[in-house]
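Subject: Model for you to look at

Hello,

Here is the model we talked about, with the sequence. My notes follow below it.

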Amino acid sequence: MNVTKEARLHHESVTAQPHLWIDSYADYLYSYAMYRIKDEETARDLVQETFLAALQKVDTFEGKSSEKTWLTAILKYKIIDVYRTKSRTVAAMDCTHAIASKNFFQEDGHWNVEDRPAAFGIEHIDKLEHKEFENILVKCMQKLPALWMTVFNMKFMEEEHAEKICSELKISSGNYWVIIHRAKVNIRACLQKNWL
Amino acid sequence: MNKKKTISSNCEKATLLIEKKQIVPLTLMDNLYVKIHLAGCEVCRTYQKQSTVINYMTRKILKQTPTLLELDEDFKRNMQFKIDELLNKK
């Protein structure tokens, strides 16, 4: 056992090649971050922090996954950190916003007459004009409050579990479902409005 | 106007449960609630269909491989410099 471990330690310098990181992965990691954060400045900082953090713990890189996967995992945690900070600063605001935002339902829980979902051609996935639908969907998602968007990102992009999202963002599970629900009702309404 | 919430009137609760159901399994009671509500509510049946499609498409969009962007050379060289410096210290 010890021998193998030592052998592996010995080979690490061969496996991880930090001097090549920038050339090999900087653009990739930057794209990955930009895709999720949509802010150049922050994305650049995250890439740099990722490399520096990786360098600090380069000895723990065991070559079990590729360097690219390993670096991406580090970046991913940094991105979740950003989500967390962002949502913490806007959380209070967004909660009031959620309550104050347009209510789609009446007192007894019925849909408002004008807000009732109607079939408008997106009920069956196979009949959809995908590209067009995607464009409108992206626009509708961008209208969501930051906290909701963060929840959506963590859920659909990273496939995090509800409990993890709640604890990372410090929201109660009851609030989590309300956010998911409100976000969906809003997106759906936005789609119906903009879909011709 | 003090209207009571009943299973058949409460589209708000039913649609919340429809959302929840797509993420975690519902309790027996909640499942039944949705079933009973949907049996009598065409609007929420439409909602459910659309909601499933939206989830599918959201996932698809958010998981697309991002187009490759490029960092500017100055920034990269600067990072390379920092890394080299740290490597030399080791």
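Predicted model: local features only at pLDDT ≥ 70, side-chain atom pairs only at ≥ 80, totals over all residues.

Gly40(B) counts as exposed, because it has 10 C-beta neighbours inside 10 Å and the limit for exposed is 12 or fewer. Gly40(B) belongs to helix H2 of chain B, which covers residues 28-40.

Ile23(B) sits in the loop between H1 and H2 of chain B. It has 14 other C-beta atoms within 10 Å and is therefore partly exposed, since that class lies between the limits of 12 or fewer for exposed and 20 or more for buried.

Next, the contact between the chains. Chain A and chain B each put 44 residues into it. On the chain B side, at least two residues each come from helix H1 (11-21), helix H3 (42-62) and helix H4 (73-89). H3(B) supplies the largest share of that side, 14 residues. By class, the chain B side that touches chain A has 22 nonpolar, nine polar and 13 charged residues.

Now chain A as a whole. Its secondary structure consists of eight helices and zero strands, so the order from the N terminus is α-α-α-α-α-α-α-α. Of the 196 residues in chain A, 29% are buried. Taking contacts in chain A between residues at least 6 apart in sequence, 68% join residues at least 24 apart.

The largest nonpolar core has 45 residues, and those touching the most other members are Ala26(A), Leu29(A), Tyr30(A), Ala33(A), Val47(A), Leu75(A) and Val151(A). Two or more residues each are given to this core by helices H2 (21-37), H3 (40-56), H4 (67-100), H5 (130-142), H6 (146-157), H7 (162-169) and H8 (173-194) of chain A, and also by H3 of chain B. The most comes from H2(A), with nine residues. Take Ala33(A): leaving aside residues up to four places away in sequence, Ala33(A) touches Ala43(A), Leu46(A), Val47(A), Leu75(A) and Ile79(A). Another core, of nine residues, lies apart from the largest one and includes Ala14(B), Leu16(B), Leu17(B) and Ile18(B). As background, nonpolar side chains tend to be buried together in soluble globular proteins.

One helix of chain A gets a closer look here. H6(A) has twelve residues and spans 15 Å from its first C-alpha to its last, close to the 16 Å expected at 1.5 Å a residue. Its buried residues are Leu147(A), Trp148(A), Thr150(A), Val151(A), Phe152(A), Met154(A) and Lys155(A). After H6(A) comes Glu159(A), with a positive phi near 55°.

How do H6(A) and H8(A) lie relative to each other, roughly parallel or roughly perpendicular? Their axes come within 10 Å and cross at roughly 100°. Angles of 65 to 115 degrees count as roughly perpendicular, and H6(A) and H8(A) are therefore roughly perpendicular to each other. In this contact, Leu147(A), Trp148(A), Val151(A) and Phe152(A) of H6(A) meet Ile179(A), Ile180(A) and Ala183(A) of H8(A). The residues in the contact of H6(A) with H8(A) are seven nonpolar, no polar and no charged.

Two lysines in loops of chain A are worth a look on screen. Lys38(A) lies in the loop between H2 and H3 of chain A. Its phi is near 60°, a positive value in a residue other than glycine. Lys38(A) is exposed, because 11 other C-beta atoms lie within 10 Å. Lys170(A) is in the loop between H7 and H8 of chain A. Phi of Lys170(A) is positive, near 55°, and this residue too is other than glycine. Lys170(A) has 11 other C-beta atoms within 10 Å and is therefore exposed.

Regards

Terms used: Residues numbered from 1 in each chain as written. Chains lettered and ligands numbered in written order. Contact = placed C-beta atoms within 7 Å. Helix = DSSP H or I, 4+ residues; strand = E, 2+ residues; numbered from the N terminus. Nonpolar A, V, L, I, M, F, W, Y, C, P; charged D, E, K, R; others polar. Core = buried A, V, L, I, M, F, W, Y, C linked by C-beta atoms within 7 Å. Expected span 1.5 Å × (residues − 1). Axes fitted to C-alpha atoms, helices over the stretch in contact; angles between N-to-C directions. Parallel < 35°, antiparallel > 145°, perpendicular 65-115°, else oblique.
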